[in-house]
Amino acid sequence: MGASVLISGAGVGGSTLAYWLERNGFDVTVVECAAGQRSSGNPVDVRGAALDVVERMGIRDDLKAAGTEVDRLTFVDAAGRRIGSMRTSGGRGGGNRDIELARAELAAILLESAKARAEIYWGDSISGIEQDDSGVHVTFERAAPARFDYVVGADGLHSVVRRLVFGDEQGFVQHMGMYVATLPVDRTFGGDREVVMYNAPGTSVSVHPAGGKPLAAFIFRSPAVAGYDYRDTEQHKRLVIDAYRGRAGMFDELLDQVRTAADLYFDAVCRVSLPGWTKGRVTLLGDAGSSLSLFGDGSSLAIAGAHTLAEELGRAPGDPGVALRRYEQRQRELAKPALRGFRVASELLVPGSRVTIALRNAAVRVASRF
């Protein structure tokens, strides 16, 4: 048997990493706190270096088949009248290679590729991590304790691995003044190739057709909410309804679906920033180590990062200092452009005042003429 790796998180990054680690001769275990995959989450893009990774995994055609055909973002007023449109680069149309698809579809396809290559503990979580020079001792909420050569935290913004090894998230997670909620809804509000969006000052609500499985997204500006609990779904529903009461325009009917939603994703938009992603034989992948995006770049970064991590561990499986340092250096360079684009994205999607909404709409109308 090869070196053993425990991955916390069976999402986009964790599943990709499981696939490539096994290909490189590692013995892989994945632990996932959820009992199964969720259906919510905005559509995301697979682009850049991630495209080459999924091509080599043999799943690019599967991703394209599950992809959306959206090529337009249309802004409307409160009554649903169209103000202007802008072209988007996602979808199957056009000349670019990017693939846009629902996050749940992407995660499912990646997980299917990883299932035969890893042992997966569903509905469980890591409760303790102790490491020495030769390995990592891990305890779980349900499974028996075990020892691994490496542990990877691919468990998102509220990473358990990061908390246990690096410290409380308050030291690394910065609230960026916005919250986002997504959920499946029962109908679209535009054509099957367009996202329709309405803005009031400081709020955005949109519906994406998502290949026949429409998804709504609520993004709103707010300082950090006192007593916010990322695990409290009823609190999340109240926050969305309070933020959009009388401010949802043509999408007002969706608030009833928020109240009854069985699968609502909700969280703060945050920046995750650590001076280093690695301690000894433990490292972080994807949003657990670096996160700040409103345009779906996080999934591509996680896919590319997973491949880089597996590649570097494969080159030096017995030397964590060398392998994990090289991984972090390469991935930080790849993540820089996505982090820089946050401010522009937030002003486009969630203008903070009537003046900035009017300026954005005027710019969109001018651009649409060319």
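Arg 221 has a relative accessible area of 30% and is partly exposed in this predicted model. The side chain of Arg 221 meets that of Glu 347 in a salt bridge, with an N to O distance of 3.4 Å. Because Arg 221 lies in strand E15 (residues 215–221) and Glu 347 in helix H10, the pair ties together parts that are 126 residues apart in sequence. Glu 347 counts as partly exposed as well, at 39% relative accessibility.

Helix H10 itself spans residues 342–349, and its buried residues are Phe 342, Ala 345, Ser 346 and Leu 349. These residues cover an arc of only 95° around the axis, which puts them on the same side of H10. On the face turned away from that buried side, H10 carries the exposed residues Arg 343 and Val 344.

**Salt bridges**

The structure contains 26 salt bridges in total. Three of them are set out below.

| Asp 52 | Arg 97 | 3.9 Å |

The salt bridge between Asp 52 and Arg 97 links distant parts of the chain, with the two residues 45 residues apart. Asp 52 belongs to helix H2 (residues 49–57), whereas Arg 97 sits in the loop between strand E5 (82–87) and strand E6 (99–102). Asp 52 is partly exposed, at 44% relative accessibility, and Arg 97 is partly exposed too, with a relative accessible area of 42%.

Asp 229 counts as partly exposed at 24% relative accessibility, while Arg 231 counts as exposed at 62%.

Salt bridges also join residues into a network, whose members are Glu 69, Asp 71, Arg 72, Arg 87 and Arg 193.

**Cysteines**

A disulfide is a covalent bond between the sulfur atoms of two cysteines. Across the whole structure, a search finds zero disulfides. Cys 33 takes part in none, and the nearest cysteine sulfur to its own, that of Cys 270, is 17 Å away. Cys 33 is exposed, with a relative accessible area of 59%, whereas Cys 270 counts as buried at 10% relative accessibility.

Notes: Residues are numbered from 1 along each chain as its sequence is written. This is a predicted model: local features need pLDDT of at least 70, side-chain atom pairs count only at pLDDT 80 or more; totals for chains, interfaces and linings use all residues. Side-chain values use heavy atoms; hydrogens and water are left out. Buried means under 20% relative accessible area, exposed over 50%, partly exposed in between (1.4 Å probe, protein chains only). Helices (H or I, at least four residues) and strands (E, at least two) are DSSP runs, numbered from the N terminus. The arc is that of the directions from the helix axis to the C-beta atoms. A disulfide is a pair of cysteine sulfur atoms within 2.5 Å. A salt bridge is a side-chain nitrogen of Lys or Arg within 4 Å of a carboxyl oxygen of Asp or Glu.
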